Amino acid sequence: APAIGELDTIYLGGGTPSRLGGQGIVRVLDLIRETVPVDPGAEITIEVNPDDVTVELAQQWKSAGVNRISLGVQSFDDATLQWMHRVHDSSTARAAFNTLRTAGFENISVDLIFALPDSLSRLWQSDLAKAIELNPDHISLYGLTIESATPLGRWSAAGSVSAADEEKYAAEFLLADRAAVAAGFEHYEVSNFAKPGKNSRHNSAYWTGARYVGLGPSAHSFDGNARSWNVAPYAEWVARLGRGESPVEDTEVLTESNRQAEKVYLGLRTRGGLSVADTDRESANRWSENGWAEIDGDVVRLTSEGWLRLDSLAAALTGI
């Protein structure tokens, strides 16, 4: 892992850290603080399942220094939650949110998933309205993806479920944009909305090329020059640590071409935009004419319509 200085953000997630309970989170954060300096104003986030939230745990997380919660609601439609094999229902999600607020958390993000199969008859507009009604500080959207090695992938291959088509994906994405912006959120990154001052500092660091360290199975690290990633199987990760070996599976040193491609892609995916060279102005002007981008001097910012074409527009500037 890359050497780092004082930590500005800590993010416990990519799994279900709320399953560690209260003292588990306390021990993890204490160990981090004993190992590396942590900025007193650091953003400390944990991902939380609604069904794990209790008054006692919320208070323990708060006392441990956690100041941001990412709440995995996914949907407020009970039939959809059952289809996703989630333990919680919509009332549990609302109760969890209110418990976290009562415990003093002033920065709560709600995760929602969109572009679900038509067979579920989930009303996306209703889900959005219920999320906004809670008045969270941040909303993260995730479009459903079907991976072949999952039950959903097998159902899809068997024809028992079909992924949403591109038209539905686009319609639901744009509906979320309109609803959240009208409610006072800024659509500051392709998948994220925030109330003023509540952007995710941790995620934003990834998009600006900051150095970071990932510690768990499959976790990635970046030292400004090379990206490395840990072995994926938990058992192998534990075994390597037990033998005093590095859990790193492989390392990739970024070439200048890699850096340029990432700069373009990461710049276009945020509301901060990308500063473009004169040679790229023709493309940028064409995007603007199509309603895909806004141009401010030499800075190009994709609109929500443009974000639906992010991959192809980034490729147009990098030639990849």
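Okay, quick definition to start: two strands count as paired if DSSP finds at least two bridges between them. Helices (H or I, at least four residues) and strands (E, at least two) are DSSP runs, numbered from the N terminus.

Now the ground rules. This is a predicted model, so to speak of local features we need pLDDT of at least 70, and side-chain atom pairs count only at pLDDT 80 or more, while totals for chains, interfaces and linings use all residues. Residues are numbered from 1 along each chain as its sequence is written, and side-chain values use heavy atoms, with hydrogens and water left out.

Let's take the three-stranded sheet. It is open, with the order S8-S9-S10, and the pairing is antiparallel. S8 and S10 (248-253) sit at the edges with a single partner strand each, so one side of each has no neighbour in the sheet. From one strand to the next, the twist averages 20 degrees; the axes here are lines fitted to C-alpha atoms, for helices over the stretch in contact, and angles run from 0 to 180 degrees between N-to-C directions. S9 (residues 226-230) and S10 are joined antiparallel by five bridges, and Arg227 has Glu252 in S10 as its bridge partner.

Next, the other sheet. Seven strands make an open sheet ordered S1-S2-S3-S4-S5-S7-S6, and the pairing is mixed. Which strands stand at the edges? Those are S1 (7-12) and S6 (186-189), each with a single partner strand, so one side of each is left without a neighbour. Neighbouring strands are turned by 25 degrees against each other on average, direction ignored.

Inside that sheet, have a look at S5. S4 (residues 108-114) and S5 (residues 138-143) pair in parallel over six bridges, with Ser109 opposite His138. Getting from S4 to S5, the chain goes through helix H5 (residues 124-133), and this β-α-β crossover is right-handed. Right-handed here means that, with the strands pointing away from the viewer, the path from the first strand over the helix to the second runs clockwise. S5 also pairs with S7 (residues 192-194), antiparallel this time, over three bridges, and there Ser140 stands opposite Asn192.

S5, helix H7 (166-182) and helix H13 (310-318) each give two or more residues to the lining.

Most residues other than glycine have a negative phi. Asn135, in the loop between H5 and S5, is not a glycine, yet has a positive phi of about 60 degrees. By contrast, Gly24, in helix H1 (residues 21-35), is buried at 6%.

Technical notes. Buried < 20%, exposed > 50% of the residue type's maximum accessible area, 1.4 Å probe, protein only.
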